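Please read the following briefing alongside the sequence and the coordinates, with the cut-offs given where each term is brought in.

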Amino acid sequence: NVDDNNEVKITSSSLLNNDIKYLPKFAADFNDINFFHSNREQFSWLKYDFKDRKICPTHYSMKTTYDVNSSPRSWVFEVSNTGYENDWTILDTQNETTIFMTKQPVSHTFDIQQSNNEYYRYIRIRTTGKNNNNKDFFSISCVEFFGFIQQPK
């Protein structure tokens, strides 16, 4: 896990009942048992800090949990070099997507809609609407990024 290895720091807006079995780092596991789950709040997010590296994202994949009702429907894929709240650029928007409305976990790769060929330290996925269960929480089994990495100088 990249978070456990101290390569990337993964944080979230909240954690369901502060329960350690739903930690943000589990969104970097390729393990169907572990997953991230936020509290019930609007605009929940996962943030990835690449620390001394930067990434120029071209695609990203998301894998749902075993509970299809908790799958996200609407979100934005944002990037920043500061991580400050007012300093995010949206590169991809998904509104009311039905890709994750299956009865089993599914993985899907999304193209970055507005690639600008720049490198960023932070990536954030922020929900912008209710999930498949018409609730305000973010639950995801795995997120993976594709693109180009700028190594530390």
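Leaving aside neighbours within four places in sequence, K21 is in contact with F26 and F35, where contact means heavy atoms within 4.5 Å. The model is a predicted one, in which local features need pLDDT of at least 70 and side-chain atom pairs count only at pLDDT 80 or more, while totals for chains, interfaces and linings use all residues. Residues are numbered from 1 along each chain as its sequence is written, and side-chain values use heavy atoms, with hydrogens and water left out.

**The loop between β1 and β2**

- K21 is found in the loop between β1 and β2, strands here being DSSP runs of E with at least two residues, numbered from the N terminus.
- At 48% relative accessibility, K21 counts as partly exposed, a class that falls between buried (under 20% relative accessible area) and exposed (over 50%), with a 1.4 Å probe and protein chains only.
- K21 and I33 are twelve residues apart in sequence and 9.8 Å apart in space, C-alpha to C-alpha.
- N17 lies in the loop between β1 and β2 and is exposed, with a relative accessible area of 64%; from N17 to F30 the separation is 13 residues in sequence and 23 Å in space, C-alpha to C-alpha.

**Positive phi angles**

- Most residues other than glycine have a negative phi.
- N18, which is not a glycine, has a positive phi of about 55°; N18 lies in the loop between β1 (9-12) and β2 (36-37) and is exposed, with a relative accessible area of 65%.
- K51, also not a glycine, has a positive phi of about 60°; K51 is placed in the loop between β3 (45-49) and β4 (54-63) and is partly exposed, at a relative accessible area of 27%.

- Not counting residues up to four places away in sequence, M62 touches residues including W75, F100, F110, I125 and C142.

**W88**

- W88 lies in the loop between β5 and β6 (89-94), yet W88 is buried, with a relative accessible area of 14%.
- Ten residues separate W88 and E78 in sequence, and they are 5.9 Å apart in space, C-alpha to C-alpha.
- Beyond four places in sequence, the residues that W88 touches include K47, E78, V79, Y122 and R124.

**Cysteines**

- A search of the whole structure finds zero disulfides, a disulfide being a pair of cysteine sulfur atoms within 2.5 Å.
- C56 is buried, with a relative accessible area of 4%, and C142 counts as buried at 6%.

**Largest pocket**

- The largest pocket has a volume of about 280 Å³, and of the 13 residues that line it, the closest to its centre are V2, E7, V8, F50 and F145.
- On a 1 Å grid over the protein atoms alone, a pocket is an open set of points where a 1.4 Å probe fits, with protein on both sides within 12 Å along at least five of seven lines, and lining residues have an atom within 4 Å of a point.
- Grid points are joined across faces, edges and corners, and the volume is the space filled by probe spheres set on the points.
- Strand β10 (residues 142-150) gives the most to this lining, with four residues.
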